[in-house]
Amino acid sequence: MEETVQLWPPRPLQSKKLRCLAPMVRANSTPLRILALDYGADIVYSEELIARRLELCTRKENEELKTIDFVDASGKTTCLRVDPVREKNKLVVQLGAAEGECASRAAAVVADVACGVDLNMGCPKPFSTGGGMGQALLKDGERAASIVKSLRRTLPASVAVTCKIRLLPEISETCDLIRQLHAAGAVAVALHCRYAGVDPPKDPQLPTQKRVFERLRQEHVAFREDCALLANGDLYTHEAISNVDAYTDGVLLARPALLDPSSIFRRSEERLPKLDVLRQYVRYAQRYDAHPKNTKYVVQEMLAKRRHPPDMRGVLRDQLASLPFKHDAVTATKTLGDLAALVGVAATPTSQEPASDGRVYSDDYFDERKRKRPFPASFICLFALMTTPKYFARPFVGAEKL
Ligand SMILES: Cc1cc2nc3c(=O)[nH]c(=O)nc-3n(C[C@H](O)[C@H](O)[C@H](O)COP(=O)(O)O)c2cc1C
């Protein structure tokens, strides 16, 4: 019998495998999400949005941009800007949450623009774990399950509840956690195939990745669970993706989507010149009136070597060699107009008011050099706590109650 293909939520073991843009703080604003969709992504995740902040956001129709904006309590910062046409049935909003009621209130704010709400259970940053969010939930399956239950109870059936986790020390524990989340209402679990707290380059797990997913898939089939499994982590090539495809229901791609968005989401290796990708990204930044600093950050990340495994840096070297400017020239740009001129896109008038980017972002994801310097990180956290209690102290309030 012919298989009925379901795009979202993914169905276990069907032949259609999902290609998703993984959540990335700061990078996954509207332009990157739309670019990924252009290049073939089936689903795009938002960056992690802190539930305690999102629940206070107001929904605004932006007539000029034809977007739906979620503006924070200050009235000045757009936390999420959605293109309701392009992102219809494609957007998963990821939440950073420590308890169910708050998560549900936050999810309700975005329920009419999202096809899924994802619970972040993998973020290792002290800001997250200190507030009982991210990786703190990995060690507390019951609390994670209660958040999922609350989301499932309160969201409309059309919005899937999903989780993003990391590996627990034993495969059997990871399976138990997936079962627990599924029993609570999650229909898909994305597994970042790394142990909590271990980041590259110390832990290149790619050779074992296939075995991990093979084991997990065997357990799933044995228990006949109807929970899709999505693979994440170091899937930089079509070969790496097809290795895990046999055991999973699709993949989430983060850094590979910054390095090579035009090819990684497609079924073929066909790759556009980097300059074309940068131009299209900048055009979308103009189209969605993205914050210039945010746009520059993403362009820099698209050209930066530091996040990628050493064997992928050659790809980037070739991309950089093909550009008519050097990386430093991007650093020197001050406005979106400068950036547009650099990549060869005509400038368009943009509003003077920043459209997003109101958070204090940390750049230390996977940056080993920064991780080895605990003092600045803790100093920044302390400074943030002292200076912006409205945003940063709130998660800790929730954690105290738990
Ligand atoms: C810049 C950056 C920001 C990230 N932000 C998030 C986030 O908001 N939520 C999350 O669950 N993971 C976040 N991650 C982790 C990625 O989603 C992903 O799990 C990780 O990068 C491994 O996948 P990759 O090898 O495809 O990059 C981030 C990663 C990067 C590089």
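Me: Helices (H or I, at least four residues) and strands (E, at least two) are DSSP runs, numbered from the N terminus. How many helices and strands does the protein have?

Reply: The model is predicted, so local features need pLDDT of at least 70 and side-chain atom pairs count only at pLDDT 80 or more, while totals for chains, interfaces and linings use all residues. Residues are numbered from 1 along each chain as its sequence is written, and side-chain values use heavy atoms, with hydrogens and water left out. The secondary structure comprises 19 helices and 11 strands.

Me: What percentage of the residues of the protein count as buried?

Reply: Buried means under 20% relative accessible area, exposed over 50%, and partly exposed in between, with a 1.4 Å probe and protein chains only. Among the 402 residues of the protein, the buried share is 58%.

Me: Is Asp289 buried or exposed?

Reply: Asp289 lies in the loop between H11 and helix H12 (292-303). Its phi is positive, about 50 degrees, although Asp289 is not a glycine. Most residues other than glycine have a negative phi. With a relative accessible area of 12%, Asp289 is buried.

Me: Why is helix H3 (residues 100-110) largely enclosed by the rest of the structure?

Reply: At the start of H3, a side-chain oxygen of Glu99 reaches to within 3.1 Å of the backbone nitrogen of Glu101. What covers the buried residues of H3 includes helix H2 (51-54), strand S4 (67-71) and helix H5 (141-154). The buried residues include Gly100, Cys102, Ala103 and Val110. H3 is largely enclosed because, of its 11 residues, the number buried is eight.

Me: How far apart are the C-alpha atoms of Ile43 and Leu91?

Reply: Ile43 lies in strand S2 (residues 43-50) and is buried, with a relative accessible area of 0%. Among the residues that Ile43 touches are Trp8, Cys20, Val92 and Cys115. Ile43 and Leu91 are 48 residues apart along the chain, yet their C-alpha atoms are separated by 6.0 Å.

Me: Where is Arg26 found?

Reply: Phi of Arg26 is near 75 degrees, a positive value in a residue other than glycine. Arg26 is buried, with a relative accessible area of 16%. Its place is the loop between S1 and H1.

Me: What is the value of omega for the peptide bond that joins Trp8 and Pro9?

Reply: Pro9 is found in the segment before strand S1 (18-21). Most peptide bonds are trans. The bond between Trp8 and Pro9 is cis, and its omega is about -10 degrees.

Me: Is Asp226 buried or exposed?

Reply: Asp226 is placed in the loop between helix H7 (206-223) and strand S10 (228-232). Leaving aside neighbours within four places in sequence, Asp226 is in contact with Pro12, His182 and Val187. At 51% relative accessibility, Asp226 counts as exposed.

Me: What percentage of the accessible area of the ligand does the protein cover?

Reply: A backbone N or O atom of Pro23 lies 2.8 Å from an oxygen atom of the ligand, and a backbone N or O atom of Ala254 lies 2.9 Å from a ligand oxygen. An N or O atom in the side chain of His192 is 3.5 Å from an oxygen atom of the ligand. Accessible areas come from the Shrake-Rupley method with a 1.4 Å probe; for residues, only the protein chains shown count as cover. Of the 600 Å² that the ligand has on its own, the protein covers 98%.

Terms used
A polar contact is a pair of N or O atoms within 3.5 Å; within protein, one must be able to donate a hydrogen and the other to accept it, and residues adjacent in sequence count only if both atoms are side-chain atoms. Contact means heavy atoms within 4.5 Å.
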